[in-house]
Amino acid sequence: MTSTQLQKITKAPQTLRDIVQDRMREAIIAGHFAPGERLVERPLCDQLGVSRTVIRETIRYLEAEGLVEIVPNHGPIVATLSWNQARQIYDVRLLLEGAAASACTLAQGTGFGPKLTEALKAVEAKMDDTEWSELLQATTRFYELIFLEAGHTVAWGIVQRLNGRISRLRALTIAARNRETSGMNHMTSIHDAILSRDADAARAAVEAHITDAAKTAQGFLKVSDTEHKNG
């Protein structure tokens with residue numbers, strides 16, 4: 001009997017629900033839907049060309065990610081991200097990303113360096129895009145490589161559950177001109193420290209990056225919180 005060699009599936013094909021979730025997530029992160037805006041089923045069905053069932057499943061999924069809230073007697077709205085929530089997310093990132101970067105310096109295999117460098121170049125290539133979805137995906141991929149090479153798979157699962165809100169914060173801060181150091185420079189420092197196998201420098205580079213991003217986001221969100229209260 002002849003054995004047949006089947007080509008390995010490297011990426012599962014997206015379902016219709018996956019595509020709709022990606023589109024809705026990207027629209028919220030990019031600000032096409034404003035915080036507090038109602039998500040009305042019929043217009044969404046018409047715009048995306050899908051059934052109400054798919055829209056409802058998508059809304060439930062995005063609610064689990066913290067991007068959508070269900071308001072009693074009002075329906076789903078785009079979740080408002082407060083500075084208090086953002087501060088907690090940055091605190092979680094500080095602990096998990098710092099530990100992953102530090103562990104990755106020692107755990108990395110021989111083929112890891114080129115992969116991380118390629119991921120960093122992918123981020124840089126998208127830095128000037130007017131649409132941020134591919135930049136955010138490239139940034140997520142950079143950190144995913146670090147977590148998985150470190151063996152911090154449980155921590156990466158936590159980060160993935162926060163990823164929608166993390167991406168909203170990145171979209172706020174990524175183009176800010178008042179940052180002391182650009183996000184790209186911070187990521188380069190993390191990359192260089194990991195590949196130099198310097199655990200202390202890797203953790204310090206992560207801490208500098210997140211502290212700077214949090215400071216920038218605080219300026220945006222404190223203004224937003226004030227406007228929301230005054231409104």
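What follows is a short chat about side-chain contacts in this predicted model.

Q: Before we start, what kind of model is this, and how are residues numbered?
A: It's a predicted model, where local features need pLDDT of at least 70 and side-chain atom pairs count only at pLDDT 80 or more, while totals for chains, interfaces and linings use all residues. Residues are numbered from 1 along each chain as its sequence is written, and side-chain values use heavy atoms, with hydrogens and water left out.

Q: Great. How many salt bridges does the structure hold?
A: Eight. A salt bridge here is a side-chain nitrogen of Lys or Arg within 4 Å of a carboxyl oxygen of Asp or Glu.

Q: Let's take Glu41. How far apart are the closest N and O atoms in its salt bridge with Arg52?
A: They are 3.9 Å apart. That pair links distant parts of the chain: Glu41 sits in helix α2 (residues 41–48) and Arg52 in helix α3 (residues 52–64), 11 residues apart. Helices are DSSP runs of H or I with at least four residues, and strands are runs of E with at least two, numbered from the N terminus.

Q: And what is the N to O distance between Arg56 and Glu41?
A: Their side chains meet in a salt bridge at 2.8 Å, N to O. Arg56 lies in helix α3 and Glu41 in helix α2, so this pair ties together parts that are 15 residues apart in sequence.

Q: Where do Asp91 and Arg87 lie?
A: Both are in helix α4 (residues 83–107), four residues apart, which is about one turn of the helix. Asp91 is partly exposed at 39%, and Arg87 is partly exposed at 35%.

Q: Which residues are linked in a network of salt bridges?
A: Asp22, Arg25 and Glu65.

Q: OK, aromatics. How many pairs does a search of the whole structure find?
A: Two aromatic pairs. The rings of Phe142 and Tyr143 have centres 5.3 Å apart and planes at 85°, so that pair is edge-to-face. Phe147 and Trp156 form a tilted pair, 5.3 Å centre to centre with 45° between the planes. Rings of Phe, Tyr and Trp (its six-membered ring) pair if their centres lie within 6.5 Å; planes under 30 degrees apart are stacked, over 60 edge-to-face, and the rest tilted.

Q: Are Phe142 and Tyr143 buried or exposed?
A: Buried: Phe142 has 0% relative accessibility and Tyr143 has 4%. In the tilted pair, Phe147 is buried at 1% and Trp156 is buried at 6%.

Q: Last one: which residues form a nonpolar patch on the surface?
A: Val92, Val154 and Ile158, with about 230 Å² of accessible area together. Ile158 lies in helix α7 (residues 153–173) and is partly exposed at 33%. Patches are made of residues with over 30% relative accessible area and no salt bridge, joining like charges within 9 Å and nonpolar side chains (Val, Leu, Ile, Met, Phe, Trp, Tyr) within 5 Å. The areas come from the Shrake-Rupley method with a 1.4 Å probe, and for residues only the protein chains shown count as cover.

Technical notes: Buried < 20%, exposed > 50% of the residue type's maximum accessible area, 1.4 Å probe, protein only.
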